[in-house]
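Good morning, everyone, and thank you for making the time. Please take a look at the sequence and the structure before I start talking through them.

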Amino acid sequence: MTAEPRVAVVVRTKDRPKFLDRALRNITSQTLREWECIE
């Protein structure tokens, strides 16, 4: 059974591919595992 995400991370990415890469690396390095990312 998968837990519902406790946190939603909204990433604004229009025309900023370098920012998206850095943001996703930072998000995935967090210790909290119950999250979802919305681009």
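This is a predicted model: local features need pLDDT of at least 70, side-chain atom pairs count only at pLDDT 80 or more; totals for chains, interfaces and linings use all residues.

**A walk through the chain**

Let me begin with the surface: the accessible surface of the protein chain comes to about 3,700 Å², and carbon and sulfur atoms hold 51% of that area; such areas come from the Shrake-Rupley method with a 1.4 Å probe, and for residues only the protein chains shown count as cover.

Residues are numbered from 1 along each chain as its sequence is written, and side-chain values use heavy atoms, with hydrogens and water left out.

Now the overall build. The protein chain has 1 helix and 2 strands, where helices (H or I, at least four residues) and strands (E, at least two) are DSSP runs numbered from the N terminus, and along the sequence they follow the pattern β-α-β. The C-alpha atoms fill a box of roughly 35 × 15 × 15 Å, taken along the principal axes.

How are the strands arranged, parallel or antiparallel? Strand E1 (residues 7–10) and strand E2 (residues 35–38) run parallel and are joined by 4 bridges, two strands being paired if DSSP finds at least two bridges between them. Between E1 and E2 the chain passes through helix H1 (residues 17–28), and this β-α-β crossover is right-handed, a term which means that, with the strands pointing away from the viewer, the path from the first strand over the helix to the second runs clockwise. Within the pairing, Ala-8 stands opposite Glu-36 in E2, and Val-10 stands opposite Ile-38 in E2.

As for contacts (heavy atoms within 4.5 Å), among those in the protein chain with a separation of 6 or more, 62% are between residues 24 or more positions apart.

Turning to burial, of the 39 residues in the protein chain, 8% are buried; buried means under 20% relative accessible area, exposed over 50%, and partly exposed in between, with a 1.4 Å probe and protein chains only.

Leu-24 is in helix H1 and counts as partly exposed because its relative accessibility is 30%; its C-alpha atom is 8.6 Å from that of Cys-37, 13 residues apart along the chain. Finally, Asp-15 lies in the loop between E1 and H1, is exposed at 70% relative accessibility, and has a positive phi of about 60° although it is not a glycine.
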